[in-house]
Amino acid sequence: PPLYIITPTYRRPEQLAELTRLGYTLKHVVNLYWLVIEDAEEPTPQVTKLLQKINVPFSHLVAQMPAKYRKNKVKPRGVSNRNRGLEWIRANASDGVLYFADDDNTYDVEIFDEMRYTKKVSMWPVGLITKFGVSSPIVKNGTVVGFYDGWIGGRKYPVDMASFSVSVRFLLSRPNASMPYKPGYEEDGFLKSLSPLKLTEIELLASNCTEILVWHTQSKKNPNAMSLDMGKYNNTNLVHLRN
Ligand code: UGA
Ligand code: MN
(Lines give C-alpha, C1' and ligand atoms only; values in the text may rest on other atoms or scores of the structure.)
(Ligands and ions follow the chains in the order given, each with its own letter.)
Protein backbone atom coordinates (compact mmCIF):
# COMPACT_ATOMS: atom_id res chain seq x y z
CA PRO A 1 0.00 0.00 0.00
CA PRO A 2 1.21 3.54 -0.77
CA LEU A 3 2.34 5.98 1.88
CA TYR A 4 1.12 9.57 1.66
CA ILE A 5 3.46 11.91 3.51
CA ILE A 6 1.93 15.31 4.26
CA THR A 7 4.61 17.92 4.90
CA PRO A 8 3.67 21.48 5.86
CA THR A 9 6.40 23.97 5.07
CA TYR A 10 6.86 27.73 4.93
CA ARG A 11 9.36 30.21 3.58
CA ARG A 12 12.30 30.96 5.86
CA PRO A 13 16.11 30.70 5.61
CA GLU A 14 16.14 27.09 6.82
CA GLN A 15 13.44 25.90 4.41
CA LEU A 16 15.61 24.45 1.64
CA ALA A 17 17.96 22.83 4.14
CA GLU A 18 15.07 21.16 5.97
CA LEU A 19 13.42 19.94 2.77
CA THR A 20 16.75 18.65 1.46
CA ARG A 21 17.29 16.55 4.57
CA LEU A 22 13.73 15.25 4.66
CA GLY A 23 13.57 14.63 0.92
CA TYR A 24 16.69 12.49 0.83
CA THR A 25 15.37 10.52 3.80
CA LEU A 26 12.10 9.84 1.96
CA LYS A 27 14.08 8.77 -1.09
CA HIS A 28 14.98 5.56 0.75
CA VAL A 29 11.31 4.58 0.96
CA VAL A 30 9.46 2.75 -1.84
CA ASN A 31 5.87 3.43 -2.91
CA LEU A 32 5.72 6.83 -1.26
CA TYR A 33 3.94 9.98 -2.39
CA TRP A 34 5.09 13.25 -0.87
CA LEU A 35 2.57 16.05 -0.45
CA VAL A 36 4.57 19.20 0.18
CA ILE A 37 2.22 21.99 1.11
CA GLU A 38 3.48 25.51 1.53
CA ASP A 39 1.94 28.06 3.84
CA ALA A 40 2.18 30.68 1.10
CA GLU A 41 0.14 32.42 -1.55
CA GLU A 42 2.19 30.92 -4.38
CA PRO A 43 4.52 27.94 -4.56
CA THR A 44 8.14 29.02 -4.01
CA PRO A 45 10.01 28.27 -7.28
CA GLN A 46 13.18 27.20 -5.44
CA VAL A 47 11.11 24.63 -3.55
CA THR A 48 9.60 23.25 -6.77
CA LYS A 49 13.10 22.98 -8.25
CA LEU A 50 14.41 21.18 -5.19
CA LEU A 51 11.52 18.70 -5.23
CA GLN A 52 12.16 17.96 -8.90
CA LYS A 53 15.84 17.46 -8.18
CA ILE A 54 15.27 15.10 -5.23
CA ASN A 55 12.87 13.16 -7.47
CA VAL A 56 10.61 11.56 -4.88
CA PRO A 57 7.07 11.42 -6.39
CA PHE A 58 5.41 14.59 -5.12
CA SER A 59 2.73 17.24 -5.43
CA HIS A 60 3.64 20.77 -4.50
CA LEU A 61 0.55 22.55 -3.19
CA VAL A 62 -0.14 25.76 -1.29
CA ALA A 63 -2.50 26.47 1.60
CA GLN A 64 -1.94 29.75 3.35
CA MET A 65 -2.77 30.18 7.01
CA PRO A 66 -6.03 32.20 7.15
CA ALA A 67 -5.30 35.91 7.75
CA LYS A 68 -7.21 35.99 11.03
CA TYR A 69 -4.68 33.60 12.65
CA ARG A 70 -1.54 35.14 11.14
CA LYS A 71 -1.46 38.02 13.63
CA ASN A 72 -1.85 35.73 16.67
CA LYS A 73 1.11 35.34 18.99
CA VAL A 74 0.57 31.56 19.15
CA LYS A 75 -0.28 30.45 15.65
CA PRO A 76 -1.92 27.25 14.41
CA ARG A 77 1.21 26.22 12.49
CA GLY A 78 0.81 23.91 9.56
CA VAL A 79 -2.93 23.41 10.00
CA SER A 80 -4.17 24.86 6.71
CA ASN A 81 -1.41 22.87 4.96
CA ARG A 82 -2.36 19.57 6.62
CA ASN A 83 -6.06 20.06 5.93
CA ARG A 84 -5.18 20.71 2.28
CA GLY A 85 -3.25 17.44 2.31
CA LEU A 86 -6.27 15.60 3.72
CA GLU A 87 -8.43 17.15 1.03
CA TRP A 88 -5.97 15.93 -1.64
CA ILE A 89 -6.07 12.41 -0.19
CA ARG A 90 -9.88 12.37 -0.12
CA ALA A 91 -9.90 13.37 -3.78
CA ASN A 92 -7.07 11.16 -5.05
CA ALA A 93 -6.42 8.15 -2.79
CA SER A 94 -8.39 5.01 -2.01
CA ASP A 95 -6.00 3.00 0.13
CA GLY A 96 -2.64 3.25 1.83
CA VAL A 97 -1.56 5.20 4.87
CA LEU A 98 -1.07 8.87 5.66
CA TYR A 99 1.49 10.50 7.92
CA PHE A 100 2.07 14.14 8.89
CA ALA A 101 5.83 14.72 8.61
CA ASP A 102 6.87 18.25 9.61
CA ASP A 103 9.81 19.50 7.56
CA ASP A 104 12.17 19.88 10.53
CA ASN A 105 11.91 16.53 12.34
CA THR A 106 14.27 13.55 11.95
CA TYR A 107 12.92 10.22 10.73
CA ASP A 108 14.48 6.73 10.75
CA VAL A 109 13.31 5.10 7.51
CA GLU A 110 12.25 2.05 9.53
CA ILE A 111 9.18 3.90 10.77
CA PHE A 112 7.85 4.22 7.21
CA ASP A 113 8.03 0.46 6.67
CA GLU A 114 6.26 -0.13 9.99
CA MET A 115 3.46 2.43 9.50
CA ARG A 116 2.60 1.05 6.05
CA TYR A 117 0.43 -1.71 7.55
CA THR A 118 -1.69 0.61 9.71
CA LYS A 119 -5.32 -0.64 9.80
CA LYS A 120 -6.80 2.35 11.62
CA VAL A 121 -4.31 4.40 13.64
CA SER A 122 -0.74 3.49 14.60
CA MET A 123 1.32 5.22 17.30
CA TRP A 124 4.94 5.24 18.51
CA PRO A 125 7.27 7.40 20.64
CA VAL A 126 8.86 10.71 19.64
CA GLY A 127 12.27 11.68 21.02
CA LEU A 128 13.77 15.05 21.95
CA ILE A 129 10.44 16.63 22.82
CA THR A 130 9.41 18.78 25.82
CA LYS A 131 11.21 18.76 29.14
CA PHE A 132 10.43 15.04 29.52
CA GLY A 133 12.70 14.29 26.55
CA VAL A 134 10.29 11.77 25.07
CA SER A 135 6.58 11.53 24.37
CA SER A 136 5.09 8.05 24.18
CA PRO A 137 2.01 5.95 24.56
CA ILE A 138 2.20 3.98 27.84
CA VAL A 139 1.79 0.31 26.94
CA LYS A 140 0.47 -2.55 29.10
CA ASN A 141 0.04 -6.02 27.60
CA GLY A 142 0.26 -4.67 24.08
CA THR A 143 -2.36 -1.91 24.38
CA VAL A 144 -2.30 1.81 25.19
CA VAL A 145 -3.28 2.55 28.77
CA GLY A 146 -2.20 6.20 28.82
CA PHE A 147 0.25 8.73 27.48
CA TYR A 148 3.58 10.04 28.76
CA ASP A 149 4.06 13.63 27.58
CA GLY A 150 5.51 16.82 29.04
CA TRP A 151 2.25 18.66 28.46
CA ILE A 152 -1.10 16.95 28.97
CA GLY A 153 -3.28 20.07 28.69
CA GLY A 154 -6.54 18.20 29.21
CA ARG A 155 -6.07 16.32 25.95
CA LYS A 156 -7.53 12.89 25.26
CA TYR A 157 -4.51 12.19 23.02
CA PRO A 158 -1.48 14.04 24.43
CA VAL A 159 0.74 13.12 21.49
CA ASP A 160 2.90 14.87 18.92
CA MET A 161 2.09 15.16 15.21
CA ALA A 162 5.05 12.92 14.37
CA SER A 163 3.78 10.05 16.56
CA PHE A 164 0.92 8.57 14.56
CA SER A 165 -0.21 7.39 11.13
CA VAL A 166 -3.73 6.81 9.83
CA SER A 167 -4.99 4.43 7.17
CA VAL A 168 -6.56 6.12 4.18
CA ARG A 169 -9.58 3.79 4.29
CA PHE A 170 -10.16 4.73 7.92
CA LEU A 171 -9.87 8.44 7.06
CA LEU A 172 -12.35 8.01 4.21
CA SER A 173 -14.78 6.35 6.63
CA ARG A 174 -14.71 9.59 8.67
CA PRO A 175 -15.80 12.22 6.11
CA ASN A 176 -15.71 15.06 8.65
CA ALA A 177 -12.26 14.34 10.07
CA SER A 178 -9.98 17.39 9.95
CA MET A 179 -7.50 19.36 11.99
CA PRO A 180 -8.68 22.27 14.16
CA TYR A 181 -7.04 25.72 14.13
CA LYS A 182 -6.31 25.35 17.82
CA PRO A 183 -2.66 25.79 18.83
CA GLY A 184 -1.53 22.92 21.02
CA TYR A 185 -4.63 20.88 20.30
CA GLU A 186 -4.12 20.08 16.60
CA GLU A 187 -3.17 16.42 17.13
CA ASP A 188 -5.85 15.87 19.78
CA GLY A 189 -8.55 17.56 17.70
CA PHE A 190 -7.65 15.59 14.58
CA LEU A 191 -7.52 12.23 16.39
CA LYS A 192 -10.82 12.97 18.15
CA SER A 193 -12.37 13.80 14.78
CA LEU A 194 -11.61 10.18 13.79
CA SER A 195 -13.86 8.79 16.54
CA PRO A 196 -15.17 6.30 17.28
CA LEU A 197 -11.72 4.86 17.89
CA LYS A 198 -10.97 2.68 20.90
CA LEU A 199 -7.60 2.92 22.63
CA THR A 200 -7.39 -0.87 22.23
CA GLU A 201 -7.60 -0.42 18.44
CA ILE A 202 -4.46 1.73 18.31
CA GLU A 203 -1.64 -0.26 16.74
CA LEU A 204 1.67 0.14 18.54
CA LEU A 205 4.84 0.30 16.49
CA ALA A 206 8.55 0.66 17.24
CA SER A 207 8.58 -2.65 19.15
CA ASN A 208 5.60 -1.83 21.36
CA CYS A 209 6.84 1.76 21.78
CA THR A 210 10.24 0.78 23.17
CA GLU A 211 12.30 2.32 20.36
CA ILE A 212 12.67 5.91 19.21
CA LEU A 213 12.53 6.16 15.43
CA VAL A 214 11.39 9.81 15.16
CA TRP A 215 12.84 12.92 16.79
CA HIS A 216 11.31 16.36 17.22
CA THR A 217 14.43 18.22 16.09
CA GLN A 218 14.58 21.94 15.32
CA SER A 219 17.19 23.83 13.35
CA LYS A 220 19.03 26.60 15.12
CA LYS A 221 18.16 29.95 13.55
CA ASN A 222 21.04 31.85 12.03
CA PRO A 223 20.34 35.57 12.39
CA ASN A 224 22.55 36.37 9.40
CA ALA A 225 20.92 33.90 7.06
CA MET A 226 18.27 36.23 5.62
CA SER A 227 20.45 37.64 2.87
CA LEU A 228 21.75 34.21 1.87
CA ASP A 229 18.44 32.35 1.81
CA MET A 230 16.77 30.26 -0.90
CA GLY A 231 19.75 28.57 -2.43
CA LYS A 232 21.21 31.09 -4.84
CA TYR A 233 23.01 34.23 -3.81
CA ASN A 234 25.11 36.74 -5.62
CA ASN A 235 28.64 35.63 -4.91
CA THR A 236 30.10 38.79 -6.45
CA ASN A 237 28.47 40.82 -3.66
CA LEU A 238 30.59 39.07 -1.05
CA VAL A 239 33.37 41.19 0.40
CA HIS A 240 36.33 39.87 2.27
CA LEU A 241 36.33 41.13 5.83
CA ARG A 242 39.19 40.87 8.32
CA ASN A 243 38.37 40.07 11.92
C1 UGA B 1 4.99 21.22 17.24
C2 UGA B 1 4.38 19.96 16.62
O3 UGA B 1 5.41 19.00 16.40
C4 UGA B 1 3.74 20.37 15.27
O5 UGA B 1 3.33 19.24 14.58
C6 UGA B 1 2.62 21.32 15.57
O7 UGA B 1 2.01 21.75 14.39
C8 UGA B 1 3.21 22.54 16.27
O9 UGA B 1 3.95 22.16 17.44
C10 UGA B 1 2.13 23.46 16.74
O11 UGA B 1 1.23 22.98 17.43
O12 UGA B 1 2.20 24.65 16.50
P13 UGA B 1 6.95 22.81 16.33
O14 UGA B 1 8.30 22.25 16.08
O15 UGA B 1 6.74 23.61 17.56
O16 UGA B 1 5.92 21.63 16.27
O17 UGA B 1 6.42 23.66 15.05
P18 UGA B 1 7.10 23.93 13.67
O19 UGA B 1 8.01 22.82 13.30
O20 UGA B 1 7.62 25.31 13.67
O21 UGA B 1 5.84 23.90 12.68
C22 UGA B 1 5.13 22.71 12.37
C23 UGA B 1 5.04 22.55 10.85
O24 UGA B 1 4.27 23.62 10.31
C25 UGA B 1 6.38 22.57 10.15
O26 UGA B 1 6.40 21.60 9.12
C27 UGA B 1 6.47 23.98 9.58
O28 UGA B 1 7.22 24.04 8.37
C29 UGA B 1 5.01 24.33 9.34
N30 UGA B 1 4.71 25.77 9.52
C31 UGA B 1 5.16 26.45 10.61
C32 UGA B 1 3.94 26.43 8.58
O33 UGA B 1 3.52 25.82 7.58
N34 UGA B 1 3.65 27.77 8.76
C35 UGA B 1 4.12 28.48 9.84
O36 UGA B 1 3.83 29.70 9.93
C37 UGA B 1 4.89 27.80 10.78
MN1 MN C 1 9.08 21.46 14.40
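Modeller: Here it is; please bear in mind that this is a predicted model. Ligand 1 has 19 residues around it, and those that come nearest are D39, R77, G78, D102 and M161.

Colleague: How many residues of each class are in the shell around ligand 1?

Modeller: The shell holds eight charged, six polar and five nonpolar residues.

Colleague: Turning to the fold, what is the strand order in the open sheet?

Modeller: Seven strands make up the sheet, in the order β3-β2-β1-β4-β10-β6-β11, with mixed pairing. At the edges are β3 (58-62) and β11 (203-204), each of which pairs on one side only.

Colleague: And in which sense do β1 and β4 pair?

Modeller: Strand β1 (residues 3-9) and strand β4 (residues 97-100) are parallel, with four bridges between them. Y4 has L98 in β4 as its bridge partner.

Colleague: Which helices lie on these strands?

Modeller: Among them is helix α1 (residues 15-26), which packs on the sheet and touches β1 and β2, its direction making about 170° with that of β1. Helix α2 (residues 45-54) lies across β2 and β3 and runs at about 170° to β3.

Colleague: Which residues touch the most other members of the largest nonpolar core?

Modeller: That core has 48 residues, and Y4, I5, I6, L35, L98, Y99 and A101 touch the most other members. Strand β2 (residues 32-38) supplies the largest share, five residues. In soluble globular proteins, nonpolar side chains tend to be buried together.

Colleague: Now the backbone. Where is there a cis peptide bond?

Modeller: A cis peptide bond joins S195 and P196, with omega at about 5°. P196 sits in the loop between α7 (186-192) and β11.

Colleague: Which residues other than glycine have a positive phi?

Modeller: N141 is one of them, with phi near 50°; A206 is another, with phi near 55°. N141 belongs to the loop between β8 (134-140) and β9 (143-148), whereas A206 is in helix α8 (residues 205-209).

Colleague: Are those two buried or exposed?

Modeller: N141 counts as exposed because it has 6 C-beta neighbours inside 10 Å, and 12 or fewer is the cut-off for that class. A206 is buried, since 23 other C-beta atoms lie within 10 Å, and the cut-off there is 20 or more.

Note on methods: Residues numbered from 1 in each chain as written. Chains lettered and ligands numbered in written order. Predicted model: local features only at pLDDT ≥ 70, side-chain atom pairs only at ≥ 80, totals over all residues. Near = placed C-beta within 6 Å. Nonpolar A, V, L, I, M, F, W, Y, C, P; charged D, E, K, R; others polar. Core = buried A, V, L, I, M, F, W, Y, C linked by C-beta atoms within 7 Å. Helix = DSSP H or I, 4+ residues; strand = E, 2+ residues; numbered from the N terminus. Pairing = 2+ DSSP bridges. Contact = placed C-beta atoms within 7 Å. Axes fitted to C-alpha atoms, helices over the stretch in contact; angles between N-to-C directions.
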